[in-house]
Amino acid sequence: WFGNESHNLRVKADGYVRRDLEEIALDAQTAIELAKGARIEGKVIDEMQRPVVGASVHFLDQDDMSAREDLQPQVTDKEGRFVMQSVNPFRAPPFAEDVAETYFAVAQKDGYMPSSLEPFDANVKQLELRMQRAMQTLEGRVMNKQGDGIPSLVSIQLQTLASSTKDIVNAPCRVEEKRETDDNGQFLFPNLPAGTYKVALRPAPNNVGYVETVRQVTVPTAAATFTLEQGVALVGRVYRENTGQGMSNVNLRVIKNNDPLMPEIYLRTDADGQFRGFVPRGDWNYTISTRNPARKQAIEHQQGSFVVSDEDRVRMDIPFRERPYLQIIARDETSNAPVPSYAVSFREQIGPNKYAAESYHGFDPTGMAYIPLRDARNPVSLIVEAHGYNTSERITVDDMKQTVIVNMKKRK
């Protein structure tokens, strides 16, 4: 009853490692082998060595410290114990089959936080997780350079625990809170775990000229003062270089150099191509993005930089250069029917041993895509991927005026 179509499967059973299969044909003779998973027992205790009852235990992905989606969280019993089954001893593809997997685990319960984060592998038989009560306080005041309190929205995010350098912003035990200051800029966050926090300060809308400011602070700490960044007015216009016509609905993303804590600033042009905002003093890079309606809404980018020094106002007019395009048509190798939805990964050579890599994802009923290039003289290589088809071979293009036809072969 499966027919001749290919299917994506997820197969799991208690005590075995879950297996995900893509694009396989099924019939009555299909056999799927599952590997035996490891069984890990553990206990959750607090700072007084007492069992923590009703805590959710999560195993984390070692790369981004998020909860592993293939292992369901387990809840501790009245003795603080838990059992995690079906644990894969090895890393999943694309890693080699014999590469051992490294795990982290956290227990989550209101009012508690993990005391530490220690790596382990599936060979461990007994796991002890320690928790402590969240009893710290972060209080402070937001002000300007003159010392006046500025009403603001204060957001905090726990980055790392006091006993670890692992970033836990994706972990189930993450801490994220927001509070408005009083009229004098005072704020208070109680019942926090110790650790390093990112503190984002967003001035109230009526405080024109101040910009969102981000700082790091380690808790516990004495009452802290935070000074808002004073912005400089940035005004300008985005226009087409060949006609001088202003470009509407262009997005500008502005990033400060060598300041990872400074939030990105986003601006947008009006009907005449004008934009206005506030940025602190310093060196900045910008990226402008717009859609080209003449090229099936292809997204075009252009980058540049500017400096804000001691002036009170900066004007930046940006001529948007016309981009050369590479036209691609994807079609079925057998029927010549268009492949309407696909992804293109392409690489443009912009210098000796220097490449710019980008990707395009889109849908078009004719299978046609337009890829904006930096320079029509630069060689380009690309591959095309589409659901139900084999990935194309890498195609090298030297003549940008020629339409590239990509014949896609269906998977068996």
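**View 1. Strand β11 and its cover.** Nine of the ten residues of strand β11 (residues 152-161) are buried, so the strand is largely enclosed by the rest of the structure. Buried means under 20% relative accessible area, with a 1.4 Å probe and protein chains only. Strands are DSSP runs of E, at least two residues, numbered from the N terminus. This is a predicted model: local features need pLDDT of at least 70, side-chain atom pairs count only at pLDDT 80 or more, and totals for chains, interfaces and linings use all residues. Residues are numbered from 1 along each chain as its sequence is written, and side-chain values use heavy atoms, leaving out hydrogens and water.

**View 2. The partners of β11.** Strand β14 (residues 195-203) runs antiparallel to β11, joined by nine bridges. Two strands pair if DSSP finds at least two bridges between them. Leucine 161 stands opposite glycine 195 in β14. Strand β12 (residues 176-180) also pairs with β11 in the antiparallel sense, over five bridges. Here leucine 153 faces glutamate 180 of β12.

**View 3. An open sheet of four strands.** The order is β28-β27-β30-β31, and the pairing is antiparallel. β28 (354-363) and β31 (395-397) stand at the edges with a single partner strand each, so one side of each lacks a neighbour in the sheet. Neighbouring strands are turned by 25° against each other on average, direction ignored. Axes for this angle are lines fitted to C-alpha atoms, and angles run from 0 to 180 degrees between N-to-C directions. Inside the sheet, six bridges join β27 (residues 341-351) to β30 (residues 380-385).

**View 4. An open sheet of three strands.** The strands follow the order β5-β4-β7, with antiparallel pairing. β5 (74-75) and β7 (104-108) are the edge strands, and each pairs on one side only. β4 (residues 56-60) meets β5 over two bridges. Valine 57 stands opposite glutamine 74 in β5.

**View 5. The whole chain, for context.** The protein has 32 strands and zero helices (H or I runs of at least four residues). Its radius of gyration is 28 Å, well over the 22 Å that the globule rule gives for 412 residues, so the protein is more spread out than a compact globule. The radius is taken over C-alpha atoms; the rule is 2.2 Å times the number of residues to the power 0.38. Along the principal axes, the C-alpha trace spans about 80 × 75 × 40 Å. Of the 412 residues, 43% count as buried.

Methods:
Buried means under 20% relative accessible area, exposed over 50%, partly exposed in between (1.4 Å probe, protein chains only).
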